[in-house]
Amino acid sequence: MDPHTPPLDPLPRALLAFDDLQRLLLDAHSGVVMGLDLDGRLRWLNAAGQARLGYAAGELDGVDLAGTLLTRDELDRHAAALSGELGEPVPANAAVLGVRLLRGLPPKDSAWMLRHKDGSPQPTRLAMGALRNDRGEVVGLVAVEPASPHNAPLRFAHHDNLTGLPNRAVLADRAEMALQRAARQGTVLALLLIEIVGFDALCAEHGRSVGDDLLRATASRLHFELRKTDTAVRLEGGQFAALLVDLNHADEAMTVAGKVRHALSAKVNVGVAILPLDVRVGLAWFPEHGDQLLPLLEAAEAALGTLGPDGDGLAAAAVG
């Protein structure tokens, strides 16, 4: 044999080792567990994952996660976030799950929106681990949903069940990373606090189902107006937030805030009626208004408080 002939592909042996581990432990895990190769193809899904995502045993073997369990928008979002964090382009494909591990960075769990076989979203928090061969080389990945005594509620712990947008917990997680990056790179991060004026009165007049339709329409419009690197969040009632990252100066945030308010204030067709909306936006940004999420939220809320019944419905927090 030619001494330069490469050894046999270690992946089958690695997958066999993973299968042994499956029989010992992972099939009893109450959350989703997936075994993946480095190209993002699914090699194994545990019983809880099959039940959660609506697939039979073996049905997804060898299938690329992109286009099945992960949508293009979800891959774009994670690739954009990692590109900003690493300072280099990260391809928006299923292999994005293993980028941190392959770069030698410490693993971290993050929120993913998996897709059920019927197309419905399945918010899931996944921690990534490396699967290595006997030479210590990374040849596969293990994605594990952290164990919880309340797994069913955990599915929606990080996303709003009505609109599908991330919630305050996800906002805090993403803001922490984005603020660190902004401080390191000298960029501006902005927070928009968005409020549907008189939302409770609209619900009382037209019914809760109409209110739900208004929230879904507002969430869709807000998501459409933002870049893939930004984050739209449902807070509570008729209140939303938007996290704008990697801006060069605060004027960019003001421009985006104006476009968002204009888009969200358009009339909404809720089936039974076409309703006018009045939306107000408060704006704060790093570094002028704080270096943590809470002071930025407080500054944006204070800006909202300066808005009266007249005016353009947009205010920035005071500086100094």
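**Entry 1: confidence.** I began with the pLDDT, since this is a predicted model. In the protein chain, confidence is lowest in helix α5 (residues 151–154), with a mean of 42, and highest in strand β6 (residues 188–196), at 96. I then looked up the stretches below 50. Residues 1–19 are one such stretch, with 16 contacts in the model beyond near neighbours in sequence. Residues 149–156 also have a pLDDT below 50, and I noted 13 contacts there beyond near neighbours in sequence. I wrote myself a reminder that where pLDDT is low, the predicted coordinates should not be read in detail. For the chain as a whole, the average pLDDT is 81, and 86% of the residues score at least 70.

**Entry 2: salt bridges.** How many salt bridges does the count come to? I found 12. I picked a few to follow up.

R52 pairs with E145, and their closest N and O atoms are 3.1 Å apart. R52 sits in helix α2 (residues 47–53) and E145 in the loop between β5 (138–144) and α5, so this pair ties together parts that are 93 residues apart in sequence. Are R52 and E145 buried or exposed? Both are buried.

Next I turned to E74 and R77, which form a salt bridge with 2.9 Å between the closest N and O atoms. Both belong to helix α3 (residues 72–86), 3 residues apart, which is about one turn of the helix. E74 and R77 are both buried.

D278 is in the loop between β10 (274–275) and β11 (279–286), while R261 is in helix α9 (residues 250–264), 17 residues away. D278 is partly exposed, at a relative accessible area of 37%. I also jotted down a network: D37, D39, R41 and R43 are joined by salt bridges that share partners.

**Entry 3: helix α10.** This helix (residues 293–305) has 13 residues and reaches 18 Å from its first C-alpha to its last, close to the 18 Å expected. Which residues of α10 are buried? I listed L293, L296, L297, A299, A300, A303 and L304. They cover an arc of only 165 degrees around the axis, which puts them on the same side of α10. On the other side, L294, E301 and G305 are exposed. The buried residues of α10 pack against α6 (168–185), β6, β11 and β12 (314–316).

Key. Residues are numbered from 1 along each chain as its sequence is written. This is a predicted model: local features need pLDDT of at least 70, side-chain atom pairs count only at pLDDT 80 or more; totals for chains, interfaces and linings use all residues. Side-chain values use heavy atoms; hydrogens and water are left out. pLDDT is the predictor's confidence in each residue, from 0 to 100. Helices (H or I, at least four residues) and strands (E, at least two) are DSSP runs, numbered from the N terminus. Contact means heavy atoms within 4.5 Å. A salt bridge is a side-chain nitrogen of Lys or Arg within 4 Å of a carboxyl oxygen of Asp or Glu. Buried means under 20% relative accessible area, exposed over 50%, partly exposed in between (1.4 Å probe, protein chains only). The expected span of a helix is 1.5 Å times one less than its number of residues. The arc is that of the directions from the helix axis to the C-beta atoms.
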